[in-house]
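Notebook open. I want to look up charged pairs, then a few single residues, then the strands.

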Amino acid sequence: MVKLAFASLALAMALIATPVQAQMYDPNYPVCMHVYGELEGERMDCIFTSLAQCAATASGRPATCLVNPYYARRSRRRG
């Protein structure tokens, strides 16, 4: 019983000590650039309105462009 309690406590502490990351995808833009590598670090830049715009920025860099799965298209009201 003591071993079970100790194991539960150790698991709870491990979960608490794990760093939390914020969502990497900005839902305001439809295209993201995944940058990786030792020189630039790893990050997700969701600031592009088209794949062509992202591809031009990613050219020659350790990066790939992808469609943002969390893009929330804004509805346009006609008035």
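**Entry 1: salt bridges**

I began with Glu40 and Arg43, whose side chains meet in a salt bridge at 3.8 Å, N to O. The criterion I used is a side-chain nitrogen of Lys or Arg within 4 Å of a carboxyl oxygen of Asp or Glu. I note that this is a predicted model, where local features need pLDDT of at least 70 and side-chain atom pairs count only at pLDDT 80 or more, while totals for chains, interfaces and linings use all residues. Residues are numbered from 1 along each chain as its sequence is written, and side-chain values use heavy atoms, with hydrogens and water left out.

How many salt bridges does the whole structure hold? My search of it returned three.

I then checked Glu40 against Arg61. Their closest N and O atoms lie 2.6 Å apart, in a salt bridge. This pair links distant parts of the chain, 21 residues apart: Glu40 is in the loop between S1 and S2, and Arg61 is in the loop between helix H2 (51-58) and strand S3 (63-67). Helices (H or I, at least four residues) and strands (E, at least two) are DSSP runs, numbered from the N terminus.

Arg43 also has a salt bridge to Asp45, side chain to side chain, at 3.1 Å, N to O. I could therefore write down a network of salt bridges linking Glu40, Arg43, Asp45 and Arg61.

**Entry 2: accessibility of the network**

Which of these residues are buried, and which are partly exposed? I took buried as under 20% relative accessible area, exposed as over 50%, and partly exposed as in between (1.4 Å probe, protein chains only). Asp45 has 18% relative accessibility, so I logged Asp45 as buried. Glu40 is partly exposed, because its value is 30%. Arg43 is partly exposed at 30%. Arg61 comes out at 27%, which is again partly exposed.

**Entry 3: Gly41**

Gly41 sits in the loop between strand S1 (31-35) and strand S2 (43-48). Its relative accessibility is 26%, so I logged Gly41 as partly exposed. I looked up contacts, meaning heavy atoms within 4.5 Å. With neighbours within four places in sequence set aside, Gly41 touches Val35 and Tyr36. I also took a C-alpha distance: Gly41 to Pro62 is 9.7 Å, at 21 residues apart along the chain.

**Entry 4: Asn68**

Where is Asn68? I found Asn68 in the segment after S3. Asn68 is buried, because its relative accessible area is 4%. Its side chain reaches the backbone nitrogen of Tyr70 at 2.9 Å. Beyond four places in sequence, the contacts of Asn68 include Tyr25, Asp26, Pro27 and Cys46.

**Entry 5: the sheet**

I traced an open sheet of three strands, order S2-S1-S3, with antiparallel pairing. S2 and S3 are at the edges with a single partner strand each, so one side of each has no neighbour in the sheet. The twist averages 30 degrees from one strand to the next. For angles, axes are lines fitted to C-alpha atoms, for helices over the stretch in contact, and angles run from 0 to 180 degrees between N-to-C directions.

I required at least two DSSP bridges between two strands to call them paired. S1 and S2 pair in the antiparallel sense over four bridges. I looked up Val31 as well: its bridge partner in S2 is Phe48.

Notes. A polar contact is a pair of N or O atoms within 3.5 Å; within protein, one must be able to donate a hydrogen and the other to accept it, and residues adjacent in sequence count only if both atoms are side-chain atoms.
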